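Hi everyone, thanks for making time for this one. Let me put the structure up, and then I'll walk you through a helix pair and a sheet.

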Amino acid sequence: MNSTPLALIVDDDITLRVLAREALEQAGCRVEDAATGQEALDAFQRETPDIILLDVVMPGMDGFATCAALRKLSGGASVPILIMTGLDDVKSIATAYDAGATDFVTKPWNALVLSHRVRYMLRASQAVEELLEREMSLAEAQRIARLGNWKWNLSTNRFIASTQTFRILGINADPYSTALSFEELLSHIHETDRPTVESGIRQAIATGAPFRQDHRVQMPTGDTRVVHHYAEVAFEQGGAATSVVGTIQDITDQKKAEAQIHFLSNYDRLTQLPNRQLFQDRVTQALITQKRHETQGAILLVNLDRFQRINDTLGPKCGDTILREMAERLLHCVRQSDSVSRHDDQEPVTLSRLGGDEFTILLTHLSSAQNATKVAQRVQEALAAPFEADNRPVVITASIGIALLGQDGEDVDTLLRNAEAAMHAAQDQGRNTYQYYSQSMNVALAERLSLETDLRQALERSEFVLHYQPQVDIRRWEIVGVEALIRWQHPVRGMVSPMTFIPLAEEVGLIDHIGQWVFRTACAQQVAWGAYGLGEVSIAVNLSGVQFQQANLVDSIRTIVRETGANPARLELELTESTAMQDAENAVAIFQQLKTMGFSLSIDDFGTGYSSLAYLKRFPIDTIKIDRAFVKDLASESEHAAIAIAIIAMAHGLKLRVLAEGVETQPQLDILRDQGCDAIQGYFFSHPLPADRVEQLIRDLRAKSDYERPAA
């Protein structure tokens, strides 16, 4: 890009054009020339000169008409135009300026004077351009920052304001042609805030202290915006106030963001109730008040019984619907004097959702500590009516733990911990009841915490082992695979049941790590059995619901298979029906990826959850496992037996393999064989066994070709 300024000389006299060119080139300009007005217009559009020297008297279009035409072209409004004329009468000069001339020079001109005049005009033009750019940048910055400014001259009562100030106030007018008074500024402020703004500014004038305030602005559309107003007063030497300079900034979005942050920090998004943080703050205040006024209070910890099963069966959306309804019922069942409130109320907050299916109620100013019983009973009564989710009634009960302020703890953490101990005691008594805290409950709570600590160390200490339960072809009576089942061999507690530690692992967030250990160990065992000459034994591995929700599940499985060298074709991945249906679309996508990798897939505990045959057809599964609950009553011709028979027929209709779990008796086996079930597993054939005993069992069966089959 050429930085040398370009001058366009327009004159019908070629001699003057040559002389002007020499003068301007000596002044450091590049020069183009034109002999007529039309040539000048063409040259301007082609070259975009930085300055134009224009003669007045020319044939055709004279200099005045040419100047006016240039000003109408794109970019022509700001280019400096120097009129060169031999006409020195006032009328000609006025006509030149009216046509848009920047300046004029009379003929004959002095070459040195002309070059200096051009240099001056170029510097002035550049200065104006830079000033305009700075003004535009400032205006753009103020627009982005939503910041306006104003100045009030107290001696003349003249009030000027920026364009952005007009925008912020909602005034749709040109600030350069529309007068704005201080009174009009005040008229756009919300009527409730107007007196404080006016008195604040006038107090600043009187005291000299800066004025700052957040207040509302009433827009012509009826909307309300929030602004931050700041003003300073200027004083003359004698001490009298001369003017007030102020800024006004639209902070509506900032205030909304702050309110949202406050809400997210202190309130539960699902139920709009206070969260743990805000509830703890209220309990702390209640403890201080109780000590000062010697009042009584209590905390009720409300936990929904077996809510996770409901959530897994009906899905998270239905679970959220129930939790919102639960919040509404709790609000209505606590008496008004208990000061229960929501986010949009102004009363003290005493009801919160701690998370999941746990709610807490803070009761203050009780006449008797036993009055907490009445509230607990009202909670149970409020839950007596079935909830409705997905157009079906759902019955929910709650276990409630009660801890008394001061008596059962003098800080929030102790009170909540003791209320939780009481709640667990209520669960142990059969649920759907309430319990006051007692010191003996700490023993049970301590035992649970000890078990949690041991569980966290179990992986590091290699205390987990896998046992394998054989899966038997029902007609050939051959072991066709095994299911990997985790066991915890605790050095002190002995063999800990999965029914004890698996729910705890899910609760404390360890189930994903344990699940990965199970899969890696099963893969390694498959490879080991192959190396021992046992062939490729198929191993079924359960995927927990938590694992299935991990975004990196497929990558994690792929990595473990690659690192262990296992054969996916001999690995069967099991997922419970309720977990698969919790997010069926996601399950379809994950199943398809796993199927592409070569895994066999099965649905475990089929019939116990909420199924959709439409999705079942879309799942690329190989096997359906009938839950032991339906196998148990097969011989009694109960409804469970009918369900098991129907599952077999349906699965075969979909060309799926069927395996029955929990087979323990000959009659169960006979019925399953008669109905065409493909395979079984259960105590009738074998308990879950350590890896070495499974290996020996397989070898024994293969060696004993005349193995006695059960009667057909």
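A quick definition before we look: a crossing is left-handed if the near helix is turned anticlockwise from the far one by less than a right angle, and right-handed if clockwise. Helices (H or I, at least four residues) and strands (E, at least two) are DSSP runs, numbered from the N terminus. This is a predicted model, where local features need pLDDT of at least 70 and side-chain atom pairs count only at pLDDT 80 or more, while totals for chains, interfaces and linings use all residues. Residues are numbered from 1 along each chain as its sequence is written, and side-chain values use heavy atoms, without hydrogens and water.

So, the helix pair. Helix 12 (residues 316-333) passes helix 13 in a right-handed crossing. The angle between helix 12 and helix 13 (residues 371-382) is about 135°, and their axes are 9 Å apart; axes are lines fitted to C-alpha atoms, for helices over the stretch in contact, and angles run from 0 to 180 degrees between N-to-C directions. Where do they meet? Arg329, Leu330 and Cys333 of helix 12 meet Arg378, Val379 and Ala382 of helix 13, with contact meaning heavy atoms within 4.5 Å.

5 strands form an open, antiparallel sheet in the order 7-6-10-9-8, where pairing takes at least two DSSP bridges between two strands. Its edges are strand 7 (158-161) and strand 8 (211-218). Inside it, strand 9 (residues 224-235) and strand 10 (residues 241-250) pair over 9 bridges, and His229 has Ile248 in strand 10 as its bridge partner. Helix 9 (residues 252-266) packs on the sheet, touching strand 8, strand 9 and strand 10.
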